[in-house]
Amino acid sequence: MNSSNKNKMHQAGAMALTKPAISIRFLTIALTAFAFSAAGQSIPKFLTPTNYPVAGASMAAVGDFNGDGILDIVTANGGFVLNAVGGVDPVGQGVSLLLGNTNGTFQAARSIVGGSHPNYVAVGDFNGDGKLDVVVANGTGTTTVSILLGNGDGTFQPAIDTVVGGLGATKVIAKDFNGDGKLDLAVVVGVLSTPTLTTSNVSVLLGTGSGTFNVSYTTPGFRVLAADFNNDGKQDLIVDATVRLGSGDGTFLNGQTLAFTPNLAVTGDFDGDGNLDIYAYTGGSTRSGAIQYMVYGLGDGTFTPLIVGCCGGPVSNVVAADFNGDGNLDLGTFPGVVFGTGGRPSFSGI
């Protein structure tokens with residue numbers, strides 16, 4: 001296998017590991033290989049998936065945590081299982097690390113944080129030492145996000161906590177929102193929950209470069225995407241259905257309101273015009289019968305009118321990557337892959 005195909009295998013494996021709709025007890029990794037037709041065209045083929053047991057795993061991210069040039073996996077183990085009376089019981093086991101081997105397999109999961117129920121993890125170098133760290137959204141019932149500073153050998157220093165308040169952080173994104181070269185955080189935090197009402201905020205926390213953070217911006221919202229949607233070099237947000245254009249100092253201005261709230265959503269340049277687009281599934285908590293949506297970015301922070309696709313089957317995740325090496329972004333959904341064609345429409349069926 002040549003190095004290009006090996007890189008595609010790593011990319012596809014990484015993209016397959018994002019947060020599912022319900023708790024899983026195994027990580028499933030499906031790598032891509034390439035067969036060739038009689039005409040010499042490459043045809044993507046997914047190899048037989050490999051499962052790795054991780055108690056309570058509900059979300060995963062990838063990075064090289066021990067400096068060997070091979071991708072590793074870090075998981076948030078805040079999962080739940082259904083009990084006999086229809087409720088849920090926590091099975092969370094903190095945060096785990098699976099070190100990668102040279103042949104595309106992974107070592108057994110080992111705990112790096114135990115006894116908690118985190119919802120989300122993201123990776124980045126939060127203290128500028130050239131070693132990957134992990135940020136953990138500690139989940140409902142807590143008041144903090146935690147930074148695990150990496151030692152560069154697959155081990156981590158004790159957690160550094162930043163208080164976000166409320167009922168706990170359920171999602172975290174790491175970006176540089178004020179352009180100072182230090183990673184910041186966008187965090188979804190529950191603030192109120194009653195039998196009839198649940199609310200949450202999205203807060204931006206500016207990094208100090210030492211693993212601690214200070215809140216610079218807060219707005220009501222349940223869901224958040226982060227990217228540069230108006231091509232000005234500053235990170236923007238989409239909070240629920242509203243575009244929030246970054247001012248470059250960690251604050252944001254209200255922009256366009258979209259015709260839908262991105263639920264399971266990904267951003268990418270799907271039509272090849274250099275502007276970021278949004279593809280999303282929205283629907284019930286099980287994602288069954290979810291509707292597909294696409295809006296194309298115009299490069300100024302606004303998007304085209306909503307394009308509604310056909311009804312999908314049960315979908316618990318969606319990621320974007322070029323799985324077949326043709327230069328067009330494809331969609332990996334659980335349980336299928338839709339190949340991009342470039343241009344508009346970017347996929348068959350919409």
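## A pair of strands

Strand E27 and strand E28 (residues 330-333) run antiparallel to each other and are joined by four bridges. Strands here are DSSP runs (E, at least two residues), numbered from the N terminus, and two of them pair if DSSP finds at least two bridges between them. Within this pairing, Val319 has Gly332 of E28 as its bridge partner.

Strand E27 covers residues 318-321, and both of its faces are covered. Val318 and Ala320 are buried on one side, while Val319 and Ala321 are buried on the other. Buried means under 20% relative accessible area, exposed means over 50%, and partly exposed is in between (1.4 Å probe, protein chains only). In a regular strand, side chains alternate between the two faces of the sheet.

## How to read the model

This is a predicted model, in which local features need pLDDT of at least 70 and side-chain atom pairs count only at pLDDT 80 or more, whereas totals for chains, interfaces and linings use all residues. Residues are numbered from 1 along each chain as its sequence is written, and side-chain values use heavy atoms, with hydrogens and water left out.

## Aromatic rings and a polar contact

How many aromatic pairs are there? The count comes to eleven, where rings of Phe, Tyr and Trp (its six-membered ring) pair if their centres lie within 6.5 Å. One aromatic cluster is formed by Phe270, Tyr279, Tyr281 and Phe347.

Tyr279 also has a polar partner: its side chain contacts the side chain of Gln292 at 2.7 Å. A polar contact is a pair of N or O atoms within 3.5 Å; within protein, one must be able to donate a hydrogen and the other to accept it, and residues adjacent in sequence count only if both atoms are side-chain atoms. Gln292 sits in strand E25 (residues 291-295) and is buried, because its relative accessible area is 12%.

## Loops and backbone details

Leu31 lies in the loop between strand E1 (26-29) and strand E2 (32-36). Is Leu31 buried or exposed? Leu31 is buried, because its relative accessible area is 17%. Its C-alpha atom is 8.5 Å from that of Lys45, 14 residues away along the chain.

Asn231, in the loop between strand E19 (224-227) and strand E20 (236-239), has a positive phi near 60° although it is not glycine. Asn231 counts as partly exposed because its relative accessibility is 44%. Finally, the peptide bond from Arg344 to Pro345 is cis, with omega near -5°.

Methods: Rings of Phe, Tyr and Trp (its six-membered ring) pair if their centres lie within 6.5 Å; planes under 30 degrees apart count as stacked, over 60 as edge-to-face and the rest as tilted.
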